Amino acid sequence: MYIVWIFDFANEVVNLLKTIGVLLSMSDEFMGQTFLTFGNSLPDLFNNTANARRKPQPGEEHPGPMSTSACFGGPLVTMLLGFGIASLLGTLKVGDELQLSHSGVHILLYVTVALSLTSSLVFIACNIDGVIPT
């Protein structure tokens with residue numbers, strides 16, 4: 001029964017985003033790849049930040065590196081599995097190569113994600129080496 005509630009709630013969130021996208025004249029791809037993914041990653045951000053700030057118990061290693069890895073690993077695995085499984089099913093359904101179309105919105109989103117990940121990687125590397133004081 002809980003699965004039905006979760007399914008209905010998720011559908012309502014997607015329908016709400018579609019409605020907002022129509023009202024603001026934004027594409028479904030843009031709404032999904034910005035607002036929906038942001039809302040999906042927000043709980044992970046809070047959880048990983050709290051875990052990184054937690055003081056380790058005696059005899060326990062500091063959880064900071066694990067939390068940093070989880071910040072990158074969780075969304076990466078979700079993206080790779082989601083896109084990979086969807087592409088596999090699409091290829092099996094079509095029976096030939098799956099043709100992907102790229103628009104200006106897609107390229108803007110790819111560049112934004114690449115810049116965000118690169119800046120995060122540089123910031124974390126500088127912070128580990130002590131370049132940026134905390």
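## How H2 meets H3

Helix H2 and helix H3, the latter covering residues 64-94, pack with their axes 8 Å apart and at an angle of about 165°. That angle is over 145 degrees, so H2 and H3 count as roughly antiparallel to each other. The crossing of this pair is left-handed. Please keep in mind while reading that this is a predicted model.

Which residues of H2 and H3 make the contact? From H2 come Asn48, Asn51 and Ala52, and from H3 come Gly64, Met66, Ser67, Ala70 and Cys71.

## How H1 meets H2

Now for the other helix pair. Helix H1 runs over residues 2-23 and helix H2 over residues 28-53, and the two pack at an angle of about 120° with their axes 10 Å apart. Roughly perpendicular would need an angle of 65 to 115 degrees, and roughly antiparallel one over 145, so H1 and H2 are classed as oblique to each other. H1 passes H2 in a right-handed crossing.

On the H1 side, the residues that meet H2 are Val13, Val14, Leu17, Lys18, Ile20 and Gly21. Their partners in H2 are Asp28, Met31, Phe35 and Leu36. The contact of H1 with H2 divides into seven nonpolar residues, one polar and two charged.

How far apart are the end C-alpha atoms of H1? They are separated by 32 Å, and this agrees with the 32 Å that the 22 residues of H1 should span at 1.5 Å a residue. Tyrosine 2 is found in this helix. With a relative accessible area of 71%, above the 50% cut-off, tyrosine 2 is exposed.

Just after H1, serine 25 takes a positive phi of about 55°. In general, most residues other than glycine have a negative phi. Serine 25 has its positive value although it is not a glycine. The place of serine 25 is in the loop between H1 and H2, and at 69% relative accessibility serine 25 counts as exposed.

Asparagine 47 lies in helix H2 and counts as exposed at 51% relative accessibility, where the cut-off for exposed is over 50%. From asparagine 47 to cysteine 71 there are 24 residues in sequence, and their C-alpha atoms are 9.6 Å apart in space. Cysteine 71 is one of the H3 residues in the contact with H2.

Proline 75 is found in helix H3. Is proline 75 buried, exposed or partly exposed? Its relative accessible area is 37%, so proline 75 falls in the partly exposed class. Proline 75 and serine 41 are 34 residues apart in sequence, while their C-alpha atoms are 7.5 Å apart in space.

## Serine 87

Helix H3 also holds serine 87. At 18% relative accessibility, which is under the 20% cut-off, serine 87 counts as buried.

Serine 87 and leucine 98 are eleven residues apart in sequence and 7.3 Å apart in space. The C-alpha atoms of serine 87 and tyrosine 2, 85 residues apart along the chain, are separated by 29 Å.

Terms used. Residues numbered from 1 in each chain as written. Predicted model: local features only at pLDDT ≥ 70, side-chain atom pairs only at ≥ 80, totals over all residues. Heavy atoms only, no water. Axes fitted to C-alpha atoms, helices over the stretch in contact; angles between N-to-C directions. Helix = DSSP H or I, 4+ residues; strand = E, 2+ residues; numbered from the N terminus. Parallel < 35°, antiparallel > 145°, perpendicular 65-115°, else oblique. Left-handed = near helix turned anticlockwise from the far one by under 90°. Contact = heavy atoms within 4.5 Å. Nonpolar A, V, L, I, M, F, W, Y, C, P; charged D, E, K, R; others polar. Expected span 1.5 Å × (residues − 1). Buried < 20%, exposed > 50% of the residue type's maximum accessible area, 1.4 Å probe, protein only.
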